[in-house]
Amino acid sequence: MAESTEIRTGVVADPAGQEKEPLFGKKEKILITDPLLDNNPITIQVLGVCSALAVTSLVYPSLVMAVAVVFVCAFSSLFTSLMRNIIPKAVRLIVQLVIIATLVTLVNEALKVLAFPVYKQLSVYIGLIITNCIVMGRLEAFAMANKPWRSFLDGVGNGLGYGLILVAVGVVRELFGKGSLFAGSGIAMNIIGPSGDTTQYWINTAAESGIGSFFGWYANNNLMVLPAAAMFVIAVFIWIQRSYNTKLVDVS
Amino acid sequence: MGDFLNIFIKSAFIENMVLAYFLGMCSFLAVSKTLTTATGLGLAVIFVLGITMPINWVINEFILIPAELEFLRFILFIAVIASTVQLVEMVVEKFSPGLYAALGIFLPLITVNCAILGGSLFMVSREYNLTESIAFGLGGGFGWFLAIIALAAIRERIRYSNVPPALRGLGMAFLITGLMGIAFLSLTGIDPAVFAGWSGVAE
């Protein structure tokens, strides 16, 4: 009973109803959690796949990319939602793109100052956040029809859902392709491989004794370094996710 | 003419936008369910790439570089692309409502098709001239068109196969694209100068 009244007050648009609406209630929580799994931008909505393929060969750039996308996605949703009533329908794409392009330019300059090596690594793909379909897709599908605070949360949620897949793919590809994790960042970890003079691995496959001696057969999988590997990794994620949640299975 | 053919073939087959650079994936995966809609979107991409590339070249060459406003490149390029797409959207809505309904949200999303902006950025970084950028636009678009038709045809066939339920549709599309990408790796060894030499003889 309490739930039904809450839903009704959400629909009613009069100011009295708005006061009762909580700032961070059940519906707001769904906006954040839903895109993480059941409505994930990459595995379910198929948006923003391009950058997922190109930047995920290492974990650290994927993490930076994820943060950048959360920022752009959240704030472009907020600003578009604030302006949604004054944007003419015919030029909405251009207005949205200018908002996104401005935010991306900000991210671009900030990264150049804060983390220059990663900026060099990501260079083109930071620019291509402009054409990341998630941002645009959420503006078209959600922010143009909803209030600013809800749009902001929706942007954060979708950015996080995208980042989750990006980092997960990055972990798989870097671990099996290079034997390390977070290479290039302050907490670089060398997990598995033959230790040399310059690098020490936790599991030293060249060791004569200890754990490493059982892994003498191990070699890095060079397929994982190719962009095509990201396709296979994402396909496996989709496979696992849809096996657990059969509602998501494509019936067509 | 040799240059034109050279770049056309190179961008269509050897450096295919989708299968070698993985640009424009979103619409590539989502609109490749049937051959008809895939053909429509592919043609739209050729059209938009072929038009925006020379316009962006002119803007870059005669406005941005002389005025030293290169940092505005993203915004101006995307504005050109967005207005071209809106034009295409209006034309398609008027002349082919069926196609318009079938393409749905993906027509506006051509704007955010990375292949279009990526193509313009490649054009700048490779320092193409006007003819070359037209060839690159048409060739890149044609390569994208070929790839999406190939994927759509494979997906139409695979519908009759016994795929594990959880992989049906999207999962399978990812796997097929990955395999196609690896197959296209084998084309990287081809020297496009061969085609330039051949067209030179033909002339």
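## Ground rules

Residues are numbered from 1 along each chain as its sequence is written, chains are lettered from A and ligands numbered from 1 in the order in which they are written, and side-chain values use heavy atoms, leaving out hydrogens and water. Because the model is predicted, local features need pLDDT of at least 70 and side-chain atom pairs count only at pLDDT 80 or more, while totals for chains, interfaces and linings use all residues.

## The build of chain B

Let us start with chain B. Chain B has nine helices and zero strands, and along the sequence the pattern reads α-α-α-α-α-α-α-α-α. Here helices (H or I, at least four residues) and strands (E, at least two) are DSSP runs, numbered from the N terminus.

Chain B has 203 residues, and 51% of them count as buried. Buried means under 20% relative accessible area, exposed means over 50%, and partly exposed is in between (1.4 Å probe, protein chains only). The accessible surface of chain B is about 8700 Å², with 70% of it belonging to carbon and sulfur atoms; such areas come from the Shrake-Rupley method with a 1.4 Å probe, and for residues only the protein chains shown count as cover. Contacts (heavy atoms within 4.5 Å) tell us about the fold too: among those in chain B between residues at least 6 apart in sequence, 79% join residues at least 24 apart.

## Annotated transmembrane regions

The unreviewed UniProt entry for chain B carries the annotation "transmembrane region" on residues 12-31, 38-59, 71-92, 99-122, 134-154 and 166-190. For chain A, an unreviewed entry gives this annotation for residues 63-82, 94-116, 122-139, 151-172 and 223-240. UniProt positions are given in the numbering used here, feature names are shortened, and annotations may be inferred rather than shown by experiment.

What does the model show over these spans? In chain B, residues 134-154 are 100% helix and 0% strand, with end C-alpha atoms 30 Å apart. Residues 71-92 of chain B are 91% helix and 0% strand, and their end C-alpha atoms are 33 Å apart. In chain A, residues 151-172 are 100% helix and 0% strand, with 32 Å between the end C-alpha atoms. Residues 223-240 of chain A are 78% helix and 0% strand, and the end C-alpha atoms lie 21 Å apart.

## Nonpolar cores and the interface

A nonpolar core is a set of buried Ala, Val, Leu, Ile, Met, Phe, Trp, Tyr and Cys residues joined through side-chain atoms within 4.5 Å. The largest one has 102 residues, and those with the most contacts inside it include A:Met65, A:Ile129, B:Met25 and B:Trp144. Helix 3 (residues 35-67) of chain B gives the most to this core, with 10 residues. A second, separate core of eight residues includes A:Ile32, A:Ala74, A:Phe152 and A:Leu153.

Leaving out residues up to four places away in sequence, B:Met25 touches A:Val49, A:Cys50, A:Leu53, A:Met231, B:Val18 and B:Thr177. Across the two chains, 38 residues of chain B are in contact with 39 residues of chain A. The chains bury about 3600 Å² between them, 81% of it on carbon and sulfur atoms; buried area is the accessible area (1.4 Å probe) that two parts lose on being put together, summed over both.

## Salt bridges

Side chains of opposite charge can pair when their charged atoms come close. A salt bridge is a side-chain nitrogen of Lys or Arg within 4 Å of a carboxyl oxygen of Asp or Glu.

- A:Lys112 pairs with A:Glu109, with the closest N and O atoms 3.9 Å apart. Both lie in helix 6 (residues 92-114) of chain A, three residues apart, about one turn of the helix.
- A:Arg138 pairs with A:Asp154 at 3.0 Å, N to O. This pair links helix 8 (residues 133-141) and helix 9 (residues 148-178) of chain A, and both residues are buried.
- B:Arg126 pairs with B:Glu15 at 3.4 Å, N to O. B:Arg126 is partly exposed at 25% relative accessibility, and B:Glu15 is partly exposed at 23%.

Most residues other than glycine have a negative phi. B:Glu127, however, has a positive phi near 55 degrees. B:Glu127 sits in the loop between helix 6 and helix 7 of chain B and is exposed, with a relative accessible area of 68%.
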